[in-house]
Amino acid sequence: MLALLSVGLVCLVALADPVAPAPSSTRSLSPAHDLLLTAPDRRVRVTDARLFSILAEGMTRSRTFASLVTSLNRSDVIVYIETSMTLPKDTMGRLTMLPLAGEYRYLRVQIRNDLTRREAIALIGHELQHALEIADASEVRDTTSLIKLYERIGHATKGDHAYDTDAAQSMGRLVRRELAG
């Protein structure tokens with residue numbers, strides 16, 4: 001689900017120092033995938049070691065997931081992924097836009113902290129598809145333009161300014177199938 005909420009600059013500051021993974025934690029990744037997850041200028045970032053290992057697993061087990069991360073790395077969007085214990089009970093995950101900072105557009109993905117690894121990877125794939133939708137829409141620079149985009153390409157879900165897209169739903173299902181083998 002895409003929740004279009006404006007989040008204060010304080011959140012950006014809190015997320016500005018992402019987890020620096022230990023080199024040994026990426027041994028099963030190809031060198032190219034390792035770079036996508038560890039380079040200082042990477043576009044997909046996490047806030048803890050568990051999420052880093054989930055991203056690494058997604059990269060190795062799902063070609064689609066790896067493609068999403070690769071595509072985002074070519075964009076002007078930086079995505080921070082974190083777990084949350086405060087999401088509404090019926091919300092598995094959400095994406096919000098942070099205020100602009102320089103030349104980059106910052107997005108925040110929150111997922112429930114009680115998901116299995118497989119569920120988390122599929123849900124992150126779903127949310128990364130939303131991030132790509134935003135990356136492909138250069139006019140999206142604030143919450144108002146984000147709402148306009150999703151009124152055009154998405155469909156409303158429960159709650160104010162909450163949207164989803166068929167593409168994100170399909171992406172989550174595809175990643176889940178690839179994980180199943």
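Strands β3 and β5 pair in the parallel sense, over eight bridges. One of the residue pairs there is V77 with its bridge partner R105 in β5. Keep in mind that this is a predicted model.

On β5 there is also a pairing with β4, residues 93–97; that one is antiparallel and runs over five bridges. Here R94 has Q110 of β5 as its bridge partner. How many of the eight residues of β5 are buried? Seven are, so the strand is largely enclosed by the rest of the structure.

Now the aromatic rings. The count comes to one aromatic pair. Y80 and Y106 make up that pair, and they are stacked, with 6.3 Å centre to centre and 15 degrees between the planes. Y80 sits in strand β3 and Y106 in strand β5, 26 residues apart, so the pair links distant parts of the chain. Are these two buried or exposed? The cut-off for buried is under 20% relative accessible area. Y80 counts as buried because its relative accessibility is 3%, and Y106 counts as buried at 13%.

Next, helix α3, residues 49–61. With 13 residues at 1.5 Å a residue, the helix should span 18 Å, and its end C-alpha atoms are 18 Å apart, which agrees. At the N-terminal end, D48 is the cap: a side-chain oxygen lies 3.1 Å from the backbone nitrogen of R50. The buried residues of α3 include L51, F52, I54 and L55, and also E57.

Definitions and conventions
Residues numbered from 1 in each chain as written. Predicted model: local features only at pLDDT ≥ 70, side-chain atom pairs only at ≥ 80, totals over all residues. Heavy atoms only, no water. Helix = DSSP H or I, 4+ residues; strand = E, 2+ residues; numbered from the N terminus. Expected span 1.5 Å × (residues − 1). Buried < 20%, exposed > 50% of the residue type's maximum accessible area, 1.4 Å probe, protein only. Polar contact = N/O pair within 3.5 Å; in protein donor to acceptor, adjacent residues only side chain to side chain. Pairing = 2+ DSSP bridges. Phe/Tyr/Trp six-rings, centres within 6.5 Å; stacked < 30°, edge-to-face > 60°.
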